[in-house]
Amino acid sequence: MRFYSFGATTVALLLAFAVIANGQEAENEPEVETAEPVSENPIKLVHVLNPGEREYLSPNLIGVQNIAITFLPLSMNFINIVDAFREIVNGVKYDIVVNAVDTKDNDAEIVCHLVILEKPWLRTEWGDKVRELQHSNCSSNALDEDGDQSPRNPLVRANSINDKIQENEETQSENGNIEGQATEEVLSVATTEGEQVESNDKEEEATTEEQTTNQSADDVTTNTILPETTASTTTAAAINDDSTTDVVELSEDDKKWLDDIFSIGALNFENSLKASRGLSIDDDEDLGQQQQVEEEPIIVRSKRSANALGGSTALDFDKAEKILTKSLNKIATGEGPAYRISKIHSAEKQTVAGTLTKIDADLIGADGEEERCLVEIWTRAWLADGNEVTIKCPKKDVVKRRHSRSVEYAEKKSHKKSNHHNLNKVEHLFSKFQVKYKRHYHTTMERQMRMRIFKQNLKIIQELNANEMGSAKYGITEFADLTSTEYKQRTGLWQRDPVKSAATPKAEIPNIDLPKEFDWREKGVISPVKNQGNCGSCWAFSVTGNVEGLHAVKTGKLEEYSEQELLDCDTTDSACNGGLPDNAYEAIERIGGLELESEYPYHARKEQCHFNKAKVHVRVKGHVDLPKNETAMAQWLIANGPISIGINANAMQFYRGGVSHPWRPLCSHSNLDHGVLIVGYGVSDYPMFKKTLPYWIVKNSWGSKWGEQGYYRVYRGDNTCGVSEMASSAVLADD
């Protein structure tokens, strides 16, 4: 019994340990037990960018900003990203709009549009993804002269890599390694293809071709030679041993490029291609001669290296100017000084412990003084600060500065006016505002000032939206970077003299029933929305709109009258510095009438009065004031035509649409500063919210892109923003 008891106890303990162990495993691996079943289409859970699909990218993405910084010219100082998109085409196309500062144009603010094509399957010598600039309005070299940027063109690809090698000034020893590797790749491809011609095994040919195709894209030789050799492999596999294949004809530029990069003569390269395809180079050529051809590039390269070591060679002026410009830009972005190139007299390059470039040139300093200087650029790519620039000018101290690719990259990043890692919403909105409304500020200081004003106005917009009692929405408009004083200069309504207004005749109000809504625009008596521009001439537009409507109601013919005539010929008002409808009515009566807009066009500035009485189309014999009663105003409107009014335009600065009913402290009825025109009225019903909003339809003079196609709906019934304080109308003369 004890044995069985002991056995039972042991089994119970083992079971307990097993339960505990399972519990611990369950705690350690909760995902296994709680994992959801795999759906039938898991791909639907992940967003995949389809070919041709355009995707918006956040301007705060560091990767996008780095791409933009990389392709900005050195004279451009990066500020921030405005908009960025990417699209799958024959690669990944990035479409980026950048704010930048042009240091060559007195720090002028510009907006650059960059289009960059990324080929993720290719890598540069440094392991970066291959990216090409396809379009830029910041630089004249956005495209090659012939515009051919096709990745399928091996010569274009080779030339781009060649330029990159020359710009980074590889040392002679590194060039030797690259050239040796290039030669080995060419010879290995040639040997492989020769074996393929001798063998009739199609499976082995396919395997060899795949190996050739999959060679590293990072190698300079692979990017340039493989397209030719791969094509020859396919051709050689498809023909018999006794067939002939045409050797690719190389232009003189191609031969020069091959000779410069690989230190292999173009003739030797053609012979290597012939040898790789199993063709005879000469009638009496044998295996020993083929080996001699393979060894010849090594002999030529050694000879070239020996001649170049310690010796100097002349440098093309265009290339010298490019190198010098880049170096001067680099040191100018650091501690300085700043120089511009006037003329290059001579240039040479010497291979020492690195590469020493000497350029004799006329340079223009920051003070505008031109001086002939010797610039030495010593490049040692294996050092962190491997580019040393020495400027020797007779009348100035010797300047010596160092820079490198990594330093240049850091300098370009430091040119931002704010840290792009912390781009906030205000900066982003301000940048988009600049693009949309084409704001170009003269200095960085002015831009910073405008951005502070913009930020303050955003608070006002927030306050208006938070306290809106109607359905209006307020947001960023073309006036979002203006102070309240500057904005009021764009309105232009003067304050009325109470004594003078008391003597003005009062309008007779007809006793008629009011329909629920009424709109003179539907009757064809209202002209299109006009734009007063950067001129405080609202009073003139309000008056001409009133006269146009009265005349159209009376005669059935709509005509547009000249505001410019009032700016030029009304001596009581002050043109773009403001005026009053009362004065304008009297001026029209005194002058003798109004000409047509087409005969006396608007120029948004005061000019010499050239009124021609023979061209008058309408005359005025006085004006009347309407009572401060909105029901009476509506009755007069229906019976006669549109009404000229004064209004507090505080809420109009940021109005985007809806029925505006601002909080009274934000839009006082006593501070009238803008002249507009009432053309109708209506009611907006919101049954879901049990809300009804009666409103006036107000025609503004800020263009059709403002508000609701140039119109403003303001609440009707409680004198919102002083809508009934200064309502008036002209009285037309009998013809």
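**Figure 1. Contacts across the whole chain of a predicted model.** Among contacts (heavy atoms within 4.5 Å) in the protein between residues at least 6 apart in sequence, 67% join residues at least 24 apart. The model is predicted, so local features need pLDDT of at least 70 and side-chain atom pairs count only at pLDDT 80 or more, whereas totals for chains, interfaces and linings use all residues. Residues are numbered from 1 along each chain as its sequence is written, and side-chain values use heavy atoms, with hydrogens and water left out. Of the 735 residues of the protein, 47% count as buried, that is, under 20% relative accessible area with a 1.4 Å probe, protein chains only.

**Figure 2. The open sheet of six strands.** Its order is E6-E7-E8-E9-E10-E11, with antiparallel pairing; strands are DSSP runs (E, at least two residues) numbered from the N terminus, and two of them pair if DSSP finds at least two bridges between them. Strand E6 (312-314) and strand E11 (399-403) each have a single partner strand, so one side of each edge strand is left without a neighbour in the sheet.

**Figure 3. The largest nonpolar core.** This core has 79 residues, and those with the most contacts inside it are Val547, Ile643, Met652, Ile678, Trp696 and Tyr712; a nonpolar core is a set of buried Ala, Val, Leu, Ile, Met, Phe, Trp, Tyr and Cys residues joined through side-chain atoms within 4.5 Å. Helix H17 (residues 538-555; helices are DSSP runs of H or I, at least four residues) gives the most to this core, with seven residues.

Notes:
Buried means under 20% relative accessible area, exposed over 50%, partly exposed in between (1.4 Å probe, protein chains only).
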